[in-house]
Amino acid sequence: MSSDVVDREMMARALRLAERGRYSTSPNPRVGCVIARGDKVLAEGWHIRAGDGHAEVNALAKLEGGAARGATAYVTLEPCSHYGRTPPCAEALIKAGLARVVVAMTDPNPLVAGQGIAMLRQAGIVCESGLLEDQARELNRGFIQRIVGGRPWLRAKSAMSLDGRTAMASGESQWITGPEARRDVQRLRAQSCAIISGVDTVLHDDAALTVRPEMLAGELDCADSCRQPLRLIMDSQLRLSPDGRLFSGGGPVIVATLSRDDSKRQRLEQAGAEVIRLEPDRDDRMPVLPVLMLLAERGCNEVMLEAGARLTGSFAQAGLIDEWFVYMAPTLLGSNGRPLVTLPLDSMAQQRGLVIKDIRAVGADWRIHCALRQPDTGS
């Protein structure tokens with residue numbers, strides 16, 4: 001087997017290891033590491049959760065004495081070079097006597113950003129970067145976007161009937177889709193750091209917006225790796241009830257509002273919410289970008305939007321939805337039902353195109369995975 005083939009196989013193995021941290025590593029990136037001598041794997045590890053050992057350290061911990069000396073380490077993200085919650089991984093690789101380190105991508109974090117690779121090379125270790133980089137970037141797109149772009153990766157979720165309705169005119173919507181689709185939504189929630197929703201959705205459904213571990217039994221060890229996401233509710237007039245299921249368990253609750261009503265704010269704070277007042281946008285409505293920037297400041301890499309037509313439309317109109325999962329049920333809700341999204345479009349020239357990434361059956365429903373096509377700027 002050629003060295004190039006070995007390198008690709010080992011890095012692919014490291015990426016599969018990194019994937020195992022999908023539900024638990026935030027705000028840290030997902031990282032995997034394989035230590036090998038030729039085509040023989042000596043040890044492997046991945047980053048399990050923030051505050052615990054990094055992938056390289058976890059792999060090295062499985063080797064005794066100088067077993068790693070002269071071997072090659074395959075790491076999906078550049079080894080860190082600074083002291084954070086844990087010591088620098090680059091330093092651990094140097095002390096272990098590695099002869100070569102292959103990195104999928106450099107770390108966008110300014111605290112690292114090439115310094116880990118430089119540290120390894122200064123120690124005489126051969127260091128290469130860029131192998132399976134696209135796959136590594138895809139795995140950590142939320143982390144990259146937060147560090148580089150200042151906002152998290154936003155994943156929208158919607159459920160609709162075949163005739164494009166999300167609820168009856170009254171707002172009744174439970175349940176449009178079947179149990180398999182709802183289980184699939186739980187997977188998306190579980191890998192999200194936060195969930196954004198609107199007050200109308202929460203009030204009508206008495207929504208808790210939590211991950212339900214029992215629905216994911218057998219897929220992952222929820223007691224160990226399944227965190228409850230932060231819930232951020234956009235409630236311009238503080239209509240949220242402090243007695244709802246939202247406050248009966250789960251992750252922290254943030255209420256973003258335009259209201260200056262101190263009595264309503266205090267009632268929600270007594271129920272456990274953090275209430276943050278925002279300035280209205282130029283249309284005197286709730287702003288959407290500042291909400292994402294706030295979540296980025298809280299270390300959120302991936303955020304899920306589960307909201308009604310108006311709020312989803314506001315994020316779509318602002319071009320902030322990075323990917324969209326639309327679950328389509330084989331049923332008709334009729335022309336009086338509520339639409340999938342509210343967008344102020346008046347002509348065909350204003351239509352917003354979508355890029356379909358995947359369509360698949362989920363139980364009796366269909367899941368359409370798409371993204372908003374970015375407007376042509378002519379550049």
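## Arg30 and its surroundings

Leaving aside neighbours within four places in sequence, Arg30 touches Ala18, Gly21, Arg22, Thr25, Thr76, Leu139, Asn140, Gln191 and Glu302. Keep in mind that this is a predicted model. Arg30 sits in the loop between helix H1 (3-19) and strand S1 (32-37).

Is Arg30 buried or exposed? Arg30 counts as buried because its relative accessibility is 7%, and the cut-off for buried is under 20%.

## What the Arg30 side chain reaches

Two backbone oxygens come up here. The one of Arg22 is 2.9 Å from a polar atom of the Arg30 side chain, and the Arg30 side chain also gets to the backbone oxygen of Leu139 at 2.9 Å.

Arg30 is part of a salt-bridge network too, along with Glu138, Arg141, Arg155, Glu302 and Glu323.

## Other salt bridges

Side chains of opposite charge can pair when their charged atoms come close. How many salt bridges does the structure hold? The count is 25.

One of them joins the side chains of Arg22 and Glu19, at 2.5 Å from N to O. Arg22 is buried at 18% relative accessible area, whereas Glu19 is partly exposed at 33%.

Another salt bridge pairs Arg239 with Asp200, with the closest N and O atoms 2.6 Å apart. This pair links distant parts of the chain, 39 residues apart: Arg239 is in the loop between strand S9 (230-234) and strand S10 (253-257), and Asp200 is in helix H8 (residues 199-205). Arg239 is partly exposed at 43% relative accessibility, and Asp200 is partly exposed at 35%.

Definitions and conventions: Residues are numbered from 1 along each chain as its sequence is written. This is a predicted model: local features need pLDDT of at least 70, side-chain atom pairs count only at pLDDT 80 or more; totals for chains, interfaces and linings use all residues. Side-chain values use heavy atoms; hydrogens and water are left out. Helices (H or I, at least four residues) and strands (E, at least two) are DSSP runs, numbered from the N terminus. Buried means under 20% relative accessible area, exposed over 50%, partly exposed in between (1.4 Å probe, protein chains only). A polar contact is a pair of N or O atoms within 3.5 Å; within protein, one must be able to donate a hydrogen and the other to accept it, and residues adjacent in sequence count only if both atoms are side-chain atoms. Contact means heavy atoms within 4.5 Å. A salt bridge is a side-chain nitrogen of Lys or Arg within 4 Å of a carboxyl oxygen of Asp or Glu.
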